[in-house]
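Subject: Handover of a structure and the findings on it

Dear colleague,

Please find below the structure that I am handing over to you.

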Amino acid sequence: MSHVPTSIDFRANSQRVPPTMAAAVQKATTKFLGTRATLVEALGDDLWQALRQAGHEVRLHAITHLDHYLVQAERAVTKAGGHVHWARDAEEARRIVLDISAKHRVKLAVKSKSMASEEIGLNQSLEAAGIRVLETDLGEYIVQLKGMGPAHIVVPAFHLSKEEIAALFREKLGVDAPAEAEKLTQVARMKLREEFLNADLGISGGNFLVAETGTIVMVTNEGNGRMCSTVPPVHVAIVGIDKIVPDWESLAVLLKVLARSATGQKITCYTSFISGPPRSDAETGPREMHLILLDNGRSRILGSPETRETLLCIRCGACLNICPVFNNVGGYAYGYPISGPTGSIFASQILGGKAAGGLPFASTLCGACNDICPVKIPITDILLHLRHRVVEGDDVEGAAAPYTLRVGAQAGSVALGTTWLYRMGSQMLKRLQAPWVREGWMAKLPGPLSRWTMSRPFPAFAADFRSWWRRRSGG
Ligand code: SF4
């Protein structure tokens, strides 16, 4: 059992977003963008652009040489005493964690923030097997108490106010804490500390995996990542195969751009490096360490030259913060733990066009995401290609859009490209539209066109430019 979505309707999800969401999201994203801008400005544009270019090249080199670097990392982790598992898909990854848990009779698992574990719906599988799973990142802990997933890839509970969190703690934990960040953090810390000590399994993700030494790198602002990977007797790290970087020099570039883009910091509070379990009994730490290398559709993305740069993403969240669509609907509308522009290009490829074909359309294509991305992913080019894939299909996947929409799009394309047809069509539409027009707008259109008017009215066809010009110039 898992909660990996099988169908995402962005449009319907957006309509369920509470009216307070946009203001809460914009308050948080304005703050992140402000601190990021100050740091980038301090570096100077030349240096920042050079770092972005270097980041792009490092990531592109890594994902186009996965065969070499992943095997190198596997060798290094194994040599250090760790166990490496290869998971083709979400189900295989979940099965590996369940087998490790069964072997160690795990009853309580503590987790640090891991988008890979969200992607495979791990918590629900473990819970179905009778294992209690506790999120230990403060934001994840809060949204777990609320019975929800992360609303943002970096700050999962960013849309909730201190008052809402205090009320949640009162209801779920029975603790009356004032609505102050420090006090609320203290409550969570006290609750979690005991759980860390009782946990049988620690689960983490990894921001990067350094191939030359097999080192898992965790970039966090809370100590929970270190607690999860050191206190319980067994540690499992789930890392997407795209997270590989060749060496420490490459890592240095990415660490510089990640913290600045994510939280507007020069460096995060904790940058942890895990190179296998302790080497001797004298060292503390988990007795067993497992690394799960997760594919789950990444190889398929790599096989598509037009969209493979999706895999360069370092999950900084900057494209979410700048995106006008995300700023209006927040993360939950995307129906996937990775939201915003990066979620749209990732989820629609991982889940396929039939399940998530609406996501590439959840964008204004304004290009702000391209400009802010610290590893220069051409997000709007990828979105456009994915739209084309949904409507017409390509080498990777057949068309997923409904037949009527595909025929309509093709007919529209022919009409717009043929002058006489365009003129005749616009004259006819002006007459045909009459029953639906009220004060220059059509609020409810029939058939497939209703998909548009479900969310906004359609402007009535007015006199075309040529007739207007003729009338104006008395011709
Ligand atoms: S696509 Fe770029 S900006 Fe967006 S999360 Fe990934 S690295 Fe950051």
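Two strands are said to pair if DSSP finds at least two bridges between them. By that criterion β2 and β3 are paired, because four bridges join them in the parallel sense. Please note that this is a predicted model.

The six-stranded sheet

Strands β2 and β3 belong to an open sheet of six strands, ordered β1-β10-β7-β4-β2-β3, in which the pairing is parallel. At its edges stand β1 (83–87) and β3 (132–135), each of which pairs on one side only. Direction ignored, neighbouring strands of this sheet are turned against each other by 20 degrees on average.

Within the sheet, strand β2 (residues 108–111) is covered on both faces: Leu 108 and Val 110 are buried on one side, and Ala 109 and Lys 111 are buried on the other. Leu 108 has Arg 132 in β3 as its bridge partner. Towards strand β4 (residues 201–204), β2 pairs in the parallel sense over three bridges, and Ala 109 has Leu 201 as its bridge partner there.

Elsewhere in the sheet, strand β7 (residues 234–240) and strand β10 (residues 288–294) run parallel and are joined by seven bridges. One of the residue pairs is Val 234 with Glu 288, the latter in β10. Helix α4 (residues 66–79) lies across β1 and β10, and its direction is at about 145 degrees to β1.

The four-stranded sheet

Which order do the strands of the mixed sheet follow? This open sheet has four strands in the order β8-β5-β6-β9. The edge positions belong to β8 (244–245) and β9 (270–274); each has a single partner strand, so one side of each lacks a neighbour in the sheet. Helix α12 packs on this sheet and touches β5, β6 (215–220), β8 and β9, with a direction at about 160 degrees to that of β5. Strand β5 (residues 208–210) pairs with β8 in the parallel sense over two bridges, and Val 210 stands opposite Val 245 in β8.

The largest nonpolar core

The largest nonpolar core has 82 residues, and those that touch the most other members are Phe 208, Ile 244, Leu 291, Tyr 334 and Ile 377. Helix α12 (residues 248–263) makes the greatest contribution to this core, with seven residues. In soluble globular proteins, nonpolar side chains tend to be buried together. Leaving aside residues up to four places away in sequence, Ile 244 touches Arg 59, Ala 62, Leu 66, Tyr 69, Leu 70, Ala 73, Leu 209 and Ala 211.

The ligand shell

Which residues surround the ligand? They are Cys 313, Ile 314, Arg 315, Cys 316, Gly 317, Cys 319, Thr 342, Cys 373, Pro 374, Val 375, Ile 377 and Ile 379. Sorted by class, this shell consists of nine nonpolar, two polar and one charged residues. Ile 377 was also named above among the core residues that touch the most other members.

Arg 315 is found in the loop between α13 (298–302) and α14 (318–322). Its phi is near 55 degrees, a positive value in a residue other than glycine. Is Arg 315 buried or exposed? Arg 315 counts as buried because its relative accessibility is 13%, against a cut-off of under 20%.

Thr 342, another member of the ligand shell, lies in helix α16 (residues 340–350) and is buried. Eleven of the eleven residues of α16 are buried, so this helix is largely enclosed by the rest of the structure.

Exposed positions

Glu 439 also has a positive phi, of about 50 degrees, although it is not a glycine. Glu 439 sits in the loop between β11 (437–438) and β12 (441–442) and is exposed, with a relative accessible area of 80%. Glu 171, in helix α9 (residues 162–173), likewise counts as exposed, at 60% relative accessibility. Glu 171 and Ser 125 are 46 residues apart in sequence, and their C-alpha atoms are 26 Å apart in space.

With kind regards

How values were computed: Residues numbered from 1 in each chain as written. Predicted model: local features only at pLDDT ≥ 70, side-chain atom pairs only at ≥ 80, totals over all residues. Heavy atoms only, no water. Core = buried A, V, L, I, M, F, W, Y, C linked by side-chain atoms within 4.5 Å. Buried < 20%, exposed > 50% of the residue type's maximum accessible area, 1.4 Å probe, protein only. Contact = heavy atoms within 4.5 Å. Near = heavy atom within 4 Å. Nonpolar A, V, L, I, M, F, W, Y, C, P; charged D, E, K, R; others polar. Axes fitted to C-alpha atoms, helices over the stretch in contact; angles between N-to-C directions.
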